[in-house]
Amino acid sequence: MPVYALPGSEVGPRKARVLGVVTVVLMLFGVAAWQLTPDSTSADEIDVVLIVGYVGEGIGPGTDVRLDGVRVGSVNAIDFAGQGRKQVALSLFRSQLFGLTNALSVAYVPGNLFGISALELHPDTGGVLLADGSKVDLTGRDRVRDATLSALLNSTGDLTQQVLTPQLTGLLHTFSRDLGAFTPLLQAIGTTVRSYTETAQMPPSVLFGRYGAALSGTPPMLAGGLTVLDASYNNSYLRDEEHIAKFGYLWSNIQNGLLPVVTQLFGTAQPYFSGLLPIMTMMLDRITGSVSDPQGSAAQLSELVDRLGLAFHDSPNGPVLTARAELDLVPGLATPLAALVGGGGR
């Protein structure tokens, strides 16, 4: 069997040469057609060039371009565009841009959880719609942001080197030690709040309303205090040095003379009157416990006082009890008494 023959085939030398020539001609024809046919892009694709000051790590040809998280194209090439400038050629899908204009901004961001970078477009108001061949200059303004994983790691390194220093550790230690001094105060505040929540019988809205009513007197108090301070500076009596000296003696006498005497008085009275306080407390508790319904008792007491007021009337000799006696059934007394009071039965 010849070396060019295949088992089970009927290919001879002449036929093999013909097949080889035809194959070579077809290959040459295909290569020529591929080289001579001009490049054609889809009608939906447009080429846009961005002029930026820098390019984020991982951004290169083939990088995804996204708009609001949706892929709208890719990066074709990155070239040098002068000192401190780069041009990024993008291929975008026109139908996915939804009115994107040249008033856009760019962010280099991680495209997935593995940190693969992507180029994110952020639209802005104004500008001209992007078209095929548009060139957008993003240099000189804060329209390019680097949020790639590399930038994040660099910022973390700067934080570690410039912020997390021994000085910061010492400051935190000092702050912790000083905060510990406020622990009793914080415990007292917590105890007060807990006691309030356990014993509160009125809704907070009512309490806040009453507290607000109490605070309504604060402005007049402050105004009065300022008036007193102003009077101390404008008082004609205190303009005299002698009067100022007497005024100073007043406070020194109160501090050195009156207050010690009052303190001694209360100190002397304490052993004799301290026993009365439990008695007064017990009496007040008994009085409070005797009133089962404060609101009802108040209403009854008010009615009693009103009736007492109606039972008396004024006279030249003072208040007189108003009384009327029916003596119609006793003519023997009714006639003399009527003559005595002038015909009145009061």
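Which residues does Arg143 touch, not counting residues up to four places away in sequence?

1. A word on the model before the answer. This is a predicted model, where local features need pLDDT of at least 70 and side-chain atom pairs count only at pLDDT 80 or more, while totals for chains, interfaces and linings use all residues. Residues are numbered from 1 along each chain as its sequence is written, and side-chain values use heavy atoms, with hydrogens and water left out.

2. Now to Arg143. Look for Arg143 in the loop between β7 (134-137) and β8 (144-146); strands are DSSP runs of E, at least two residues, numbered from the N terminus. Beyond residues up to four places away in sequence, Arg143 touches Asn102, Ala103, Leu104, Ser105, Val106, Val136, Asp137 and Leu138, where contact means heavy atoms within 4.5 Å.

3. Arg143 is buried yet has no salt bridge. Buried means under 20% relative accessible area, exposed over 50%, and partly exposed in between, with a 1.4 Å probe and protein chains only. A salt bridge is a side-chain nitrogen of Lys or Arg within 4 Å of a carboxyl oxygen of Asp or Glu. The nearest side chain of opposite charge, Asp124, is 6.7 Å away; Lys and Arg count as positive and Asp and Glu as negative, with His and the chain ends not counted.

4. The side chain of Arg143 reaches that of Asn102 at 2.8 Å, and the backbone oxygen of Leu104 lies 2.7 Å from a polar atom of the Arg143 side chain.

5. Apart from residues up to four places away in sequence, Leu104 touches Leu50, Leu121, His122, Leu130, Leu138 and Arg143. Leu104 is also among the residues touching the most other members of the largest nonpolar core, which has 23 residues. Such a core is a set of buried Ala, Val, Leu, Ile, Met, Phe, Trp, Tyr and Cys residues joined through side-chain atoms within 4.5 Å. Elements giving two or more residues to this core include β1 (45-52) and β6 (117-122), and β1 gives the most, with four.

6. Two loop residues other than glycine have positive phi. Asp68, between β2 and β3, has phi near 55° and counts as exposed because its relative accessibility is 61%. Phe98, between β4 and β5, has phi of about 50° and is exposed, with a relative accessible area of 69%.

Conventions: Polar contact = N/O pair within 3.5 Å; in protein donor to acceptor, adjacent residues only side chain to side chain.
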